[in-house]
Amino acid sequence: MKIKTNSIEDTKKLARVFAKYLGPEGAFITMFGDIGAGKTAFVRLVLEALGVKEKITSPSFVILNEYKVENLSSKPGAMPVYHFDLYRLENEGLDTIKEELREYSRPGVLTFVEWADFGSCELPYNRLNIRVLYNGSDFDDTRFYSFEPIGGHYSVLTAKMLDMLKKEGLA
């Protein structure tokens with residue numbers, strides 16, 4: 001599924017629709033795209049749409065940020081949200097977080113992994129790949145989002161999203 005957004009408002013709509021279809025089973029979302037494409041911005045907009053009240057920042061220098069989402073969990077308490085950025089890790093650094101990547105791909109957890117191409121050998125089979133492309137201009141908010149479901153759950157999620165995005169005028 002490919003979606004073009006022409007403005008930050010379009011991107012907010014896309015993030016709200018995406019957030020709407022995330023459920024208590026959680027999700028493992030891998031993000032791909034060049035520096036400045038908008039990976040972190042999209043994650044921030046999704047988490048804001050889910051009601052995260054904390055300041056949502058790029059985990060570039062800390063590798064992992066943790067948040068909580070109250071309205072997704074089917075169990076008492078909040079669903080944990082993990083936001084990884086693998087950009088600064090080399091092979092040795094990736095070895096240190098392999099277990100975390102596996103742990104954070106379990107049901108009931110929402111995980112975003114930016115620069116997932118650096119950890120491709122450790123990614124779970126069931127996941128949603130999101131690729132963000134842009135033309136490189138600081139004065140153009142146009143973005144191209146490609147959603148690639150890997151596994152049945154994510155195929156259903158993207159099909160539902162597509163119907164809603166059509167209604168929103170984004171597809």
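**Reading aromatic pairs and a buried histidine**

Tutor: At 0% relative accessibility, phenylalanine 18 counts as buried (under 20% relative accessible area, with exposed over 50% and partly exposed in between; 1.4 Å probe, protein chains only). This is a predicted model, where local features need pLDDT of at least 70, side-chain atom pairs count only at pLDDT 80 or more, and totals for chains, interfaces and linings use all residues. Residues are numbered from 1 along each chain as its sequence is written, and side-chain values use heavy atoms, leaving out hydrogens and water.

Student: How do I read a pair of aromatic rings?

Tutor: A pair of aromatic rings is described by the distance of the centres and the angle of the planes. Rings of Phe, Tyr and Trp (its six-membered ring) pair if their centres lie within 6.5 Å; planes under 30 degrees apart are stacked, over 60 edge-to-face, the rest tilted.

Student: How many aromatic pairs does that rule give?

Tutor: The count is 4. In one of them, phenylalanine 18 and phenylalanine 42 have ring centres 5.8 Å apart and planes at 45°, so the pair is tilted. Phenylalanine 42 is also buried, at 0%.

Student: Which residues do the ring pairs link into a cluster?

Tutor: Phe18, Phe42, Tyr145 and Phe147.

Student: Is histidine 83 buried or exposed?

Tutor: Buried, with a relative accessible area of 0%. Its side chain makes a polar contact of 2.6 Å with that of glutamate 114. A polar contact is a pair of N or O atoms within 3.5 Å; within protein, one must be able to donate a hydrogen and the other to accept it, and residues adjacent in sequence count only if both atoms are side-chain atoms.
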